[in-house]
Amino acid sequence: MKIAVRYYTRSGNTKKLAEAIAQAVCEDAKDVSVALEEKADILFLGCSYYAFDVDQAVKDFIVQNKDNIGKIVCFGTSAMMKSMKKPVTKVAKMLNVAVADEDFHCRGQFGKIHKGRPNEDDLMKAAEFAKRYL
Ligand SMILES: Cc1cc2nc3c(=O)[nH]c(=O)nc-3n(C[C@H](O)[C@H](O)[C@H](O)COP(=O)(O)O)c2cc1C
């Protein structure tokens with residue numbers, strides 16, 4: 001089974017989760033600017049909320065790579081909101097791309113709020129979550 005890890009980040013929070021997940025599944029974490037070169041049965045897709053939505057780059061990545069995505073497993077960080085599934089599923093559904101029921105989400109530092117998150121505990125939990133897919 002082929003697993004791939006892609007993420008979008010602005011301040012590095014989601015990249016930390018992506019790297020923990022990638023290490024757990026023995027893959028490289030790559031930015032969404034890097035297309036999927038082959039079909040990924042499981043795509044760990046990381047992103048965050050900015051003004052209640054995901055960045056357009058995440059939506060474009062799903063559209064442009066839809067034929068190489070088996071199933072998306074969402075992960076992400078945010079200051080208040082809880083899961084990236086809703087905005088990701090909105091795009092994926094239109095393209096008939098499957099999104100897993102389970103996702104991983106934790107707080108991400110936003111200015112002085114949630115300082116240090118994701119922290120070591122968050123990264124450990126993200127890695128444990130990812131290992132279920134091996
Ligand atoms: C411009 C901006 C808008 C944001 N809007 C939201 C939001 O609507 N809801 C939320 O929960 N967090 C919001 N956040 C917080 C980020 O989602 C949070 O800091 C996240 O961890 C950033 O991840 P990144 O470092 O991977 O970009 C916002 C942050 C920024 C900079």
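Predicted model: local features only at pLDDT ≥ 70, side-chain atom pairs only at ≥ 80, totals over all residues.
**Exercise 1.** Describe how strand β1 is covered on its faces and which strands pair with β1.

*Solution.* Begin with the strand itself, which spans residues 3–7 and has 5 of its 5 residues buried. In a regular strand the side chains alternate between the two faces of the sheet. In β1, one side carries Ile 3, Val 5 and Tyr 7, while the other carries Ala 4 and Arg 6, and all of these are buried, so that both faces are covered. Next, turn to the partners: β1 pairs with β3 (residues 40–48) in the parallel sense over 5 bridges, and here Ala 4 stands opposite Leu 43. A parallel pairing of 3 bridges also joins β1 to β2 (residues 29–31), where Val 5 has Ala 29 as its bridge partner. Finally, follow the chain from β1 through α1 to β2, and the three together make a right-handed β-α-β unit.

**Exercise 2.** Work out which residues of helices α2 and α3 are buried and how they are arranged around each axis.

*Solution.* An α-helix has 3.6 residues a turn, so residues three or four places apart point the same way. In α2 (residues 56–65), the buried residues are Val 58, Phe 61, Ile 62 and Asn 65. Seen down the axis of α2, these fall within an arc of 95°, so they line one face of the helix. On the other side of α2, Gln 56 and Gln 64 are exposed, whereas the cover over the buried residues includes β1, β3, β4 and α3.

Now repeat the steps for α3 (85–94), in which Pro 87, Val 88 and Ala 92 are buried. Their arc around the axis is only 130°, which puts them on the same side of α3. They pack against β3, α2, β4 and β5, and the face turned away from them carries the exposed residues Lys 93 and Met 94.

**Exercise 3.** Identify backbone angles with a positive phi or a cis peptide bond, and place each residue in the chain.

*Solution.* Most residues other than glycine have a negative phi, and most peptide bonds are trans. Against this background, take Cys 26, whose phi is positive at about 60° although Cys 26 is not a glycine; it lies in the loop between α1 and β2. Phe 52 has a phi near 70° and is found in the loop between β3 and α2. With 10 C-beta neighbours inside 10 Å, Phe 52 counts as exposed. Asn 96, which follows α3, has a positive phi near 60°. Lastly, the peptide bond from Arg 117 to Pro 118 is cis, with omega near -5°, and Pro 118 lies in the loop between β6 and α4.

Terms used
Residues numbered from 1 in each chain as written. Buried ≥ 20, exposed ≤ 12 C-beta atoms within 10 Å, placed from the backbone. Helix = DSSP H or I, 4+ residues; strand = E, 2+ residues; numbered from the N terminus. Pairing = 2+ DSSP bridges. Right-handed = clockwise from strand over helix to strand, strands pointing away. Arc of directions from axis to C-beta. Contact = placed C-beta atoms within 7 Å.
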